[in-house]
Amino acid sequence: KRREETAVPSDRPTERDETTDEQLRWLRNELAGMDAPETGLLVMRYRLGWTLERIGRAVGLRPGAVDGRLRRATAELQKKARESFDK
């Protein structure tokens, strides 16, 4: 909860280049290949900006369980990204 209260969304525009476009294509492809419930959690959290509590209410989980699932999903994406881009 403390982490959520201190998070500040960035509204600054970012400069896109070929690397960014490649990474976005990669991420979209990875998300498309994930299980629907896992993708749903990521969308609710990072696209819609929902709190862990709100996500939990929507899917019938405790906020701690939502946090754990999100952590595992993002850790797996990070691992795959390192394997794909850190060559």
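Author: Let's start with a term: a residue is buried under 20% relative accessible area, exposed over 50% and partly exposed in between (1.4 Å probe, protein chains only). Trp 26, at 15% relative accessibility, therefore counts as buried. This is a predicted model, where local features need pLDDT of at least 70, side-chain atom pairs count only at pLDDT 80 or more, and totals for chains, interfaces and linings use all residues. Residues are numbered from 1 along each chain as its sequence is written, and side-chain values use heavy atoms, leaving out hydrogens and water.

Reader: How many aromatic pairs does a search of the whole structure find?

Author: Rings of Phe, Tyr and Trp (its six-membered ring) pair if their centres lie within 6.5 Å; planes under 30 degrees apart are stacked, over 60 edge-to-face, and the rest tilted. Here the search finds one pair. Because Trp 26 belongs to helix H2 (residues 18–33) and Phe 85 to helix H5, the pair ties together parts 59 residues apart in sequence. Helices here are DSSP runs (H or I, at least four residues), numbered from the N terminus.

Reader: Is Phe 85 buried or partly exposed?

Author: Phe 85 has 28% relative accessibility, so it counts as partly exposed.

Reader: Which residues of helix H4 are buried?

Author: In general, an α-helix has 3.6 residues a turn, so residues three or four places apart point the same way. In H4 (residues 52–59), the buried residues are Leu 52, Ile 55 and Gly 56. They fall within an arc of 100° seen down the axis, so they line one face of the helix; the arc is taken from the directions from the helix axis to the C-beta atoms.

Conventions: Helices (H or I, at least four residues) and strands (E, at least two) are DSSP runs, numbered from the N terminus.
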